Each structure stands twice: as C-alpha cells, then as structure tokens.
Amino acid sequence: PRYATALGRLGLKTLGDMLYNFPRRYVDYSQLKPINRLRYGETVTVIGTIEEITTRQARNKEMTIIEALVSDGSGKLRLIWFNQPWKTKQLRKGLQVSLSGKVDQYLGRLIMSNPDWEQIEQQHLHTNRIVPIYPLTANIKQKWLRRVMHQVVSYWAPRLQDALPKNLRRNAKLLDLSTAIYQAHFPDSWEQLK
C-alpha cells in the first residue's frame, strides 16, 4: 500500500501489469573476472573481501566520499561511492561481496565508482548476471523494484496459462509463456533473452 501510488504512476496496478512490465534495457554484469585481469572501460563483476572502508569529506565539504578496498587474492581494487554515508554500516571489513560496475581509472589506478554490490550468500539479482533496468518514477529505486519484480515474476509466471498449443510452440521454436516471461525479466543468457 505504501508504494501503490508510485507504482500506479508507472502503470503498475495489478500483478498482470507487473508481469508485462518488461525492462527498458539490460546491463551485462555476467562477466566475472579476477582483479588482476581487469582493464579500463570494462563492465564486469568481481568477487572479493572488503579489507578496509573509510569515509572522508571532499575539499568543498559538501560531499562525503566513501572508499573501500577489496581483495580477491589476485589483486586489490579501490571502490568509491559519493554521498552514501550509510555504506560504512553496510560494508564492513571481512565481508565477502560480489561487485559489478564499470572499471574506471583515477591517478593511474583502476577503481570502480558507485558499483552495485551484494553479499556472496545472497541471491544475485543486482550483480553477476544480466541485470534488468526498469523504468522508474519518484520514490521508487531500481534495486527495490527489481527485487519486487523478481518476487512477482518468480511466483506468478509459472501459473500463467499458455494459449498456444504445445505442437505450435514446438514447430515455431517458441518458449512456453511462463519461461518467456521469466527470461524477459531475468534472462539466464543473451540467447534466452532473444
């Protein structure tokens, strides 16, 4: 109920609306690489352990910079988030994480700015996969909507009735409706998405 008005602005008033609210694009975080093989400009996923996390003020004092150092045994990578001080409570030394984002460079070193991250034990909806990007509106964040969409699609897509007969789907080389809906939201590969 708390999000009903905001979801309504996106045209999402029923479970059916959500099932057919397909992502507007996808980000490919499925490329898992060790830190010592990262290259500038790549969009990748890294799995490692937080070694340190610090907070500092920018020179203009209007911005908080959170820096973390992650290691995977092959190397170390600096992570930077801007104006997100709560990250110091979420990320702690020794935490094993999956990080996804674009590899940038700062002062000659490779870094990731504002990477998406998840703890290793969690189901990966935001990292280490092809990640759906949904249209948003005020008061709705991408991670929250992706998590809710996953709950709806995982539960309701298998319950959809497919109107096409099985032999017609087989001859046309089509997925069944339940699988097609799930793969459109959370594809296992680019081939499945096509």
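# Questions on a predicted protein chain

Q: Does E62 count as buried or exposed?
A: The relative accessibility of E62 is 70%. Buried means under 20% relative accessible area, exposed over 50% and partly exposed in between, for a 1.4 Å probe and protein chains only. Because its value is over 50%, E62 counts as exposed.

Q: Which element of the protein chain has the highest confidence?
A: This is a predicted model, in which local features need pLDDT of at least 70 and side-chain atom pairs count only at pLDDT 80 or more, while totals for chains, interfaces and linings use all residues. Residues are numbered from 1 along each chain as its sequence is written, and side-chain values use heavy atoms, with hydrogens and water left out. The average pLDDT (the predictor's confidence in each residue, from 0 to 100) is 89 for the protein chain. Confidence is lowest in helix α3 (residues 87-90), with a mean of 83, and highest, at 95, in helix α6.

Q: How many strands does the protein chain have?
A: Elements are DSSP runs numbered from the N terminus: helices are H or I of at least four residues, and strands are E of at least two. Counted in this way, the protein chain has seven helices, and its strands number eight.

Q: Between which two strands is E62 found, and how far is its C-alpha atom from that of L10?
A: E62 is in the loop between β2 (43-57) and β3 (64-71). Along the chain, E62 and L10 are 52 residues apart. Their C-alpha atoms are separated by 33 Å.

Q: Which residues does P135 contact, leaving aside its neighbours within four places in sequence?
A: P135 is in the loop between β8 (130-133) and α4 (142-156), and its relative accessible area of 28% makes it partly exposed. Contact means heavy atoms within 4.5 Å. The C-alpha atom of R147, 12 residues away along the chain, is separated from that of P135 by 14 Å. With its sequence neighbours set aside, the contacts of P135 are L10, F22, R24 and L145.

Q: Which residues of β8 are buried on its two faces?
A: In a regular strand the side chains alternate between the two faces of the sheet. Both faces of β8 are covered. The buried residues are I130 and P132 on one side, and on the other V131 and I133.

Q: Which residue stands opposite P132?
A: Strands pair if DSSP finds at least two bridges between them. β1 and β8 run antiparallel and are joined by four bridges. Opposite P132 in β8 stands Y26.

Q: Which elements are included in the cover over the buried residues of α6?
A: S178, I181, Q183, A184 and H185 are buried in α6. The strand β8 is included in their cover. With it are α2 (15-19), β1 (25-28), α4 and α7 (190-193).

Q: What is the phi of L107?
A: Most residues other than glycine have a negative phi, and most peptide bonds are trans. L107 is in the turn of the hairpin that β5 and β6 form with two residues between them, and at 74% relative accessibility L107 is exposed. L107 is not a glycine, yet its phi is positive, about 50°.

Q: Which residue of β6 is the bridge partner of Q105?
A: β5 (96-106) and β6 (109-113) lie on either side of the loop that holds L107. These two strands run antiparallel and are joined by four bridges. In β6, the partner of Q105 is L110.

Q: Which residue of β6 is the bridge partner of L79?
A: β4 pairs with β6 in the parallel sense, over three bridges. The partner of L79 in β6 is M112.

Q: How accessible is N83?
A: N83 is in the loop between β4 (76-82) and α3. It is not a glycine, but it has a positive phi of about 50°. N83 counts as partly exposed because its relative accessibility is 39%.

Q: How far apart in space are R159 and L177, C-alpha to C-alpha?
A: R159 is in the loop between α4 and α5 (166-172) and is partly exposed, with a relative accessible area of 45%. In sequence, R159 and L177 are 18 residues apart. Their C-alpha to C-alpha distance is 9.7 Å.

Q: What share of the residues of the protein chain is buried?
A: The C-alpha atoms fill a box of roughly 60 × 40 × 25 Å along the principal axes. The protein chain has 194 residues, and the share that counts as buried is 39%.
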